[in-house]
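Hi,

Here is the structure I said I would pass on.

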Amino acid sequence: MAIGLILISTLLHAGWNSIGKRSGTSVSFYMWATACGMVIFSPFLFDVWRDVLQMPTEFWWLIVCSGICQTVYLVGLAKAYQGGDLGMVYPLARALPVLIVPLLVLGAYGHSLLSIEDIVALILIFLGAMILPVRRWREWHLRAYMTPTVGWAIVAALGTAGYSFTDSAAVHLMREQGFTAFQAGSAFAVVQAGGIVICMLPVSLLLFKESLFGSVFNRPGAFRSVAMTGVFIVGTYLLVLISMSMVTEVSYVVALRQLSIPIGVAIGVLWLKESLSMTRLQGVTLMLLGLVLVSL
């Protein structure tokens, strides 16, 4: 069940990233999209809101940390898409947390459930991501990674690692309080979305000096793009949160979610008309090998 939910979420995740790349790369775009998703999925909170309010203080601190990490992720993503294409930014932002999250788990709990085969698979995924910025092997140089686009993609990856770790702890805490997997995942997704909007509002207005409405809704069909992206953002992560509550090692969930990488690259080539170099194809293939190993 957990694997099935993750596979569905990968399709939705690649979809909303492609919409975001094509329709809007501002921080406020993702803020409004998250707000729309929160409103659309808010009915899932109606039956359990009293139980959510009674959650211990630890839960609410995790909500705060999650909102901050999600803001870091979405800001990094928006800025990376301003300077790079989907086929490079998306795999980098998705693959790097595969290595970061196990390190966080090991540091927090002192042990990991990952086997040697799992570690090899994670390294393959990481190496595949490192190949993506290289246009040609004979031109490989450390400078290929010294760009603002790669830097913002790394920021997005750090945010992903942070919220994956905190959110796993939060949904397991909800399960311990008697929530079902669906109740925990759906309720947390809505509450978390509210926390993200609260965190992103001052970042958009004060840090990046963006117009609250003009930079997002000044194009034909803008509201439709925002609403659709919001449904995909919150709906995708709702499925991931439910799957997180079903497993004991969050690193597996983070790794399997990277199946969205080749999907994102394919969308970039077929829909956004981005080029597909041989090195990029080799990098994606290496990631797929790692994903197969993880799934086994």
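**The enclosed helix**

Let me start with α5: 10 of its 10 residues are buried, so this helix is largely enclosed by the rest of the structure. The buried residues run from Leu86, Gly87, Met88, Val89 and Tyr90 to Pro91, Leu92, Ala93, Arg94 and Ala95. Keep in mind that this is a predicted model.

Which helix does α5 pack with at an angle of about 35°? That is α8 (residues 148-176), and the two axes lie 7 Å apart. Their crossing is right-handed. On the α5 side, the contact is made by Met88, Val89, Leu92, Ala93 and Arg94. From α8 come Thr149, Val150, Ala153, Ala156, Ala157, Thr160 and Tyr163. Sorted by class, that contact has nine nonpolar residues, two polar and one charged.

**The chain as a whole**

Zooming out, you'll find 14 helices and zero strands in the chain. Of its 296 residues, 54% are buried. If you take the contacts between residues at least 6 apart in sequence, 86% of them join residues at least 24 apart.

There is also a nonpolar core to look at: the largest one has 79 residues. Helix α9 (residues 181-207) gives the largest share of this core, with 12 residues. Tyr30, Val52, Phe59, Leu77, Met174 and Phe188 have the most contacts inside the core. Pick Phe59 if you want one to click on: leaving aside residues up to four places away in sequence, Phe59 touches Val52, Ala170, Leu173, Met174 and Phe188.

**A residue on the outside**

Is Leu103 buried or exposed? Leu103 counts as exposed, because its relative accessibility is 60% and the cut-off for exposed is over 50%. You'll find Leu103 in helix α6 (residues 97-109).

The mean pLDDT of the chain is 81, and 87% of the residues reach 70 or more. Confidence is highest in helix α3 (residues 49-53), with a mean of 93. It is lowest in helix α10 (residues 214-217), where the mean is 62. Where pLDDT is low, the predicted coordinates should not be read in detail.

Cheers

Notes
Residues numbered from 1 in each chain as written. Predicted model: local features only at pLDDT ≥ 70, side-chain atom pairs only at ≥ 80, totals over all residues. Heavy atoms only, no water. Axes fitted to C-alpha atoms, helices over the stretch in contact; angles between N-to-C directions. Helix = DSSP H or I, 4+ residues; strand = E, 2+ residues; numbered from the N terminus. Left-handed = near helix turned anticlockwise from the far one by under 90°. Contact = heavy atoms within 4.5 Å. Nonpolar A, V, L, I, M, F, W, Y, C, P; charged D, E, K, R; others polar. Buried < 20%, exposed > 50% of the residue type's maximum accessible area, 1.4 Å probe, protein only. Core = buried A, V, L, I, M, F, W, Y, C linked by side-chain atoms within 4.5 Å. pLDDT = per-residue confidence, 0-100.
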